There are 2 protein chains.
Amino acid sequence: MRTKVSDTTPELLAKRVAAAQGKSPADVVVRNVQILDVFGGGFTTGDIAIVGDVIVGVPEAYSGTQEIDGTHLFAVPGFIDSHVHIESSLMTPVRFQESVLPRGTTTAFWDPHEVANVLGHLGVRWALDSCRDLLMDVFVLVPSCVPATDMETSGAHLTADDLLEYRNEKGVLGLAEFMNVPGVLFGCPEVAQKLTTYAGTIRDGHSPMLRGRDLNAYLCAGIHGCHESTTAEEAREKMRKGMHVLIREGSCAKDAHALLSLVTPYSSAVMALCSDDRNPLDVAAEGHIDHIIDIGLQKGLNAEDLFRAASFGAARSYGLFDRGVIAPGYLADVCLVKQKRPGTWAEGFEVVHVFKKGRKVELAELSHFAQELGTRTRPKTTKRNINTVALASEKFRLSVPSSVTGKTVMCRTIGLIPKKIITENLVFEMSVGGDGVVAADVSRDILKIAVVERHHKTGNVGLGLVKGFQLRQGAIALSIGHDSHNITVVGCDDASIIAAVDAVKRCDGGIVVVDAGGKVLAQLPLPIAGLMTDASPVEVAEHLRALKAAARQIGCTLDEPFLQLSFLALPVIPSLKITDKGLVDVNAFAFTSVFVEGNG
Amino acid sequence: MRTKVSDTTPELLAKRVAAAQGKSPADVVVRNVQILDVFGGGFTTGDIAIVGDVIVGVPEAYSGTQEIDGTHLFAVPGFIDSHVHIESSLMTPVRFQESVLPRGTTTAFWDPHEVANVLGHLGVRWALDSCRDLLMDVFVLVPSCVPATDMETSGAHLTADDLLEYRNEKGVLGLAEFMNVPGVLFGCPEVAQKLTTYAGTIRDGHSPMLRGRDLNAYLCAGIHGCHESTTAEEAREKMRKGMHVLIREGSCAKDAHALLSLVTPYSSAVMALCSDDRNPLDVAAEGHIDHIIDIGLQKGLNAEDLFRAASFGAARSYGLFDRGVIAPGYLADVCLVKQKRPGTWAEGFEVVHVFKKGRKVELAELSHFAQELGTRTRPKTTKRNINTVALASEKFRLSVPSSVTGKTVMCRTIGLIPKKIITENLVFEMSVGGDGVVAADVSRDILKIAVVERHHKTGNVGLGLVKGFQLRQGAIALSIGHDSHNITVVGCDDASIIAAVDAVKRCDGGIVVVDAGGKVLAQLPLPIAGLMTDASPVEVAEHLRALKAAARQIGCTLDEPFLQLSFLALPVIPSLKITDKGLVDVNAFAFTSVFVEGNG
């Protein structure tokens with residue numbers, strides 16, 4: 001638990017007390033601003049006086065070395081991204097900061113699950129180290145499920161004993177999203193050991209569509225919150241069962257519209273907002289946590305409740321008592337915002353200024369700082385990101401079992417749902433070629449998907465079919481494939497698929513789009529664990545725009561083809577998923593065959 | 001920070017999970033009860049399943065080894081007394097439990113400030129030890145101000161270094177009510193050191209009538225909450241400044257009526273209720289925390305908000321994430337209550353059953369347990385509670401200064417305010433006797449008050465005048481005198497006063513009422529530090545009834561003469577107070593003279 005001004009020294013205390021009493025000027029004063037009261041509700045007009053990183057007075061009149069006129073502005077506590085994988089920004093933490101801090105996100109809770117799945121201890125250590133020099137606060141929740149399941153090949157395996165190392169480390173809030181729900185329900189010993197190891201800290205949850213007695217059982221393990229609710233009914237049940245519901249609006253998984261109406265005067269103290277996985281293109285175009293608030297405002301919800309959940313709700317739900325309140329003794333994490341149309345919140349708001357620990361946030365400074373750091377932000381490893389054996393083209397052939405003798409076969413197909421990371425488990429009748437092979441059927445948008453193991457040169461290739469990308473030619477591949485981050489590729493034919501995988505291999509990790517001839521139309525190299533780059537948000541956004549244009553060029557109609565593709569490898573999210581070891585029926589938590597017929 | 005099921009072992013987890021899934025029976029099931037949802041608001045009808053000390057399921061149907069029909073009942077989380085001096089119950093913790101646990105108070109935050117002022121380290125250690133074997137949870141906040149000021153003689157002095165010993169001890173939540181407000185505002189080095197020592201924990205506040213920039217300055221020290229607001233306006237300012245407001249309803253200080261309207265859907269997550277100082281007579285007659293809720297209900301306030309503040313609000317405000325919610329994984333601290341008139345809360349409620357850590361509370365069991373313990377609950381010390389020198393009667397004479405030559409003199413007089421612990425600073429014209437002495441004027445209800453030092457045989461006697469007791473004869477004395485707990489006595493003449501002090505001395509601490517002849521009309525010995533007894537709540541209540549009857553017999557019209565008298569010695573509560581060293585002008589934080597004239 002972090003409490004107010006825990007850095008107090010007698011000298012600092014004396015300085016703050018004198019300024020609070022008006023006996024000496026504050027460092028910064030925001031004059032005549034409407035200040036949100038997250039304890040009692042409503043806005044109070046007055047001044048905010050700041051000394052160093054702490055607020056020393058509201059709302060009495062103060063004078064300061066630097067004064068800012070807050071007339072017509074509102075002051076709300078800095079926003080908190082209550083669950084994020086910074087890796088999904090495709091950027092390093094310092095570049096993530098550059099992207100989200102100017103949008104008002106002054107604190108984030110990071111589960112470095114992706115980099116941990118690739119680099120293990122080295123990844124977790126790098127994550128902790130990367131947060132130390134930031135202006136924004138990034139707290140780490142230690143990845144609980146590396147790998148997420150044993151149905152895939154990850155770069156590393158972290159046992160309960162491995163996790164223990166981080167338990168009491170500064171900046172660690174607890175154990176991150178415990179996605180091995182079956183492991184809890186079936187009493188898996190290692191699961192019990194992990195939860196026991198982190199008893200007394202926050203053990204965060206991950207329980208999409210878990211309901212009823214099974215949800216109760218999961219909560220008995222001490223599970224704290226969940227960011228995986230997709231319907232209001234599901235989220236409402238979780239709240240009723242004492243679970244902190246985090247409303248997520250990522251680039252791919254978008255739950256804000258379904259869930260924001262649950263944010264009320266009563267609940268706003270125990271709810272939070274999060275991005276989970278959101279790319280810098282969307283942050284630049286729409287926003288980050290500010291965007292979720294904006295959606296709520298435009299739905300006609302109450303500004304006090306939304307701003308409270310976005311700051312105080314998240315802070316208090318995770319044991320941070322030092323922020324989320326604009327009042328003396330709290331960290332000076334303050335957003336000055338204005339209503340898009342004065343007099344009403346209904347048309348949304350804009351962030352005008354952000355103060356983080358009393359410092360006015362300037363984008364240019366953040367960019368400069370990141371640029372100065374350059375490649376020094378990379379993990380210290382000489383290992384290649386892509387470690388694959390040479391793969392024969394046969395590896396990508398989807399051959400029917402010998403028991404199948406007809407000209408067609410019923411095939412399980414992953415049914416993509418745009419803007420969701422859950423999928424449908426579909427079955428289609430597919431033609432069997434003369435060589436006993438099932439190929440993609442572009443006319444019906446049934447494409448081939450493959451996951452190529454990239455960590456240990458196992459040569460594993462998982463094969464399957466997917467509907468929803470609508471490619472007309474070529475392939476898309478990337479070294480991101482939640483959560484083990486093998487190479488995930490979707491394509492219209494084997495040659496394109498192999499060309500795309502080779503292109504990812506050539507840049508030692510990244511995102512590529514190739515055409516029917518195997519020509520690379522666009523690519524973004526990701527030199528850090530095959531997940532991230534140290535390029536700037538602007539550069540990454542440019543690359544993403546080019547990649548999206550290339551994906552459209554080969555026929556893809558999805559808003560977010562890359563994230564959606566990467567989540568098809570995640571076997572803890574229902575219903576049908578694929579790993580390097582094969583197709584997974586998530587509801588049964590077991591492997592299944594592409595072929596419904598001839599399957600034993 | 002305490003999180004859910006922090007005692008998890010793989011075996012316990014398996015047992016809970018199986019019961020939660022309905023695969024094995026729960027230990028206890030409350031069937032068909034209306035369960036308060038402190039996250040989202042409202043009541044949900046269903047079952048509560050309990051295994052051991054933890055709730056494993058709501059609201060699905062369950063079966064259990066023991067089943068209780070909850071039809072027409074409501075289940076709310078166990079109440080929390082968010083600030084209490086158990087010493088003011090006049091009983092030991094195990095007897096306090098017997099008094100309040102059956103009323104639904106399942107957790108208390110104890111500031112053992114009184115026993116610490118008498119016994120120092122021995123007192124704090126005794127307090128911590130006394131809580132270990134209770135069924136109810138009593139957390140300790142370490143007394144921050146022993147003594148409260150240097151204007152009095154206490155039994156002990158605890159420095160910042162002394163306090164350090166308890167900082168990380170199990171069951172310690174932080175530093176208790178930091179009442180040395182001037183010490184913060186004027187930058188007293190020892191004050192700064194104490195606050196620094198407890199940085200990173202909760203540092204609770206005590207700031208009656210503190211407002212504006214001075215309140216800001218006080219909060220800059222990291223101060224957390226305050227139970228000393230007496231008007232809604234004052235409390236509202238504190239909330240606006242991010243301070244947790246605890247609404248107090250003690251035996252003497254009664255703020256519920258003034259403050260309860262501040263409990264709203266929005267604020268109920270950050271507010272709490274407390275008793276501070278409440279005797280077992282009032283607990284038996286009216287209730288404890290349940291009584292405060294009842295006052296709110298009868299004022300027409302919302303039941304969901306009141307019950308939430310009384311449990312969840314207190315728990316979360318003090319970093320307890322393991323209770324205050326009726327949901328799986330939380331402690332099974334549950335009150336089953338019924339509306340006094342079915343269908344409405346407006347006529348109040350009654351506690352029907354209380355579960356503490358899954359155990360159904362039975363008064364007889366609690367009494368039996370306390371009886372078995374007997375005198376083993378006493379601190380291990382052979383020191384007498386009353387250490388005074390023989391006092392000449394001259395010590396009690398209020399002689400005017402030689403500069404006073406007239407027949408009358410203007411005298412500062414403590415103006416008692418019934419049911420408040422703040423006082424008025426009054427001035428009356430008093431006759432000067434032939435011997436140059438001012439005596440009590442019973443006809444105008446201006447009585448003599450004295451504080452006799454009892455710890456170190458200093459022979460100190462502080463003398464003054466007080467208006468408000470309306471004694472017609474005799475005296476009242478007790479070895480309780482906040483916070484240094486010297487002997488406090490009020491009387492109509494010196495002989496009665498001396499007789500009352502002698503009676504307190506004879507029983508080595510206690511409360512006595514004597515008549516004009518010095519005869520003891522009633523007394524309650526307090527063998528533990530001169531503050532507490534190990535008698536049962538019923539016995540203590542009987543004694544108090546007899547003492548009150550005796551006080552009425554000698555003319556006293558106050559509801560609560562003993563607590564009111566004891567608080568007249570507390571020089572951190574405005575306006576005019578008295579210690580063994582003399583009269584104190586609290587607003588000036590300095591000694592003053594009884595005599596306005598002839599005073600320099």
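Modeller: A salt bridge is a side-chain nitrogen of Lys or Arg within 4 Å of a carboxyl oxygen of Asp or Glu. In chain B, B:Lys360 and B:Glu362 form one, with their closest N and O atoms 3.2 Å apart. This is a predicted model, in which local features need pLDDT of at least 70 and side-chain atom pairs count only at pLDDT 80 or more, while totals for chains, interfaces and linings use all residues. Residues are numbered from 1 along each chain as its sequence is written, chains are lettered from A and ligands numbered from 1 in the order in which they are written, and side-chain values use heavy atoms, with hydrogens and water left out.

Colleague: Is B:Lys360 buried, partly exposed or exposed?

Modeller: Buried means under 20% relative accessible area, exposed over 50%, and partly exposed in between (1.4 Å probe, protein chains only). B:Lys360 is partly exposed at 25% relative accessibility, and B:Glu362 is partly exposed at 35%.

Colleague: How many salt bridges does the structure hold over all chains?

Modeller: Side chains of opposite charge can pair when their charged atoms come close. The structure holds 78 salt bridges over all chains. One of them joins A:Glu228 to A:Arg248, the closest N and O atoms being 3.0 Å apart. A:Glu228 sits in the loop between β11 (225-226) and α9 of chain A and A:Arg248 in strand β12 (residues 244-248), so the pair ties together parts that are 20 residues apart in sequence. Both A:Glu228 and A:Arg248 are buried. Helices (H or I, at least four residues) and strands (E, at least two) are DSSP runs, numbered from the N terminus.

Colleague: Which residue forms a salt bridge with A:Glu234?

Modeller: A:Lys238 does, with the closest N and O atoms 2.7 Å apart. A:Glu234 and A:Lys238 are both buried. Salt bridges also link up: a network in chain A connects A:Arg2, A:Asp137, A:Asp322, A:Arg323, A:Asp333, A:Lys356 and A:Lys357.

Colleague: How many residues does the contact take from chain A and from chain B?

Modeller: The contact (heavy atoms within 4.5 Å) takes 78 residues from chain A and 78 residues from chain B. Buried area is the accessible area (1.4 Å probe) that two parts lose on being put together, summed over both. For chain A and chain B this is about 6,000 Å², 60% of it on carbon and sulfur atoms.

Colleague: How many salt bridges cross the interface of chain A and chain B?

Modeller: The rule finds 4 salt bridges across the interface of chain A and chain B. A:Arg236 also forms a salt bridge with B:Asp37, with the closest N and O atoms 2.8 Å apart. Among the elements that give two or more residues to the side of chain A that touches chain B are α1 (10-20), α9 (232-240) and α13 (303-317) of chain A.

Colleague: Where is B:His72 found?

Modeller: B:His72 lies in the loop between β4 and β5 (74-77) of chain B. Its phi is positive, near 70°, and B:His72 is exposed at 66% relative accessibility. A:Asp508 has a positive phi of about 55°, but A:Asp508 is buried at 17% relative accessible area.
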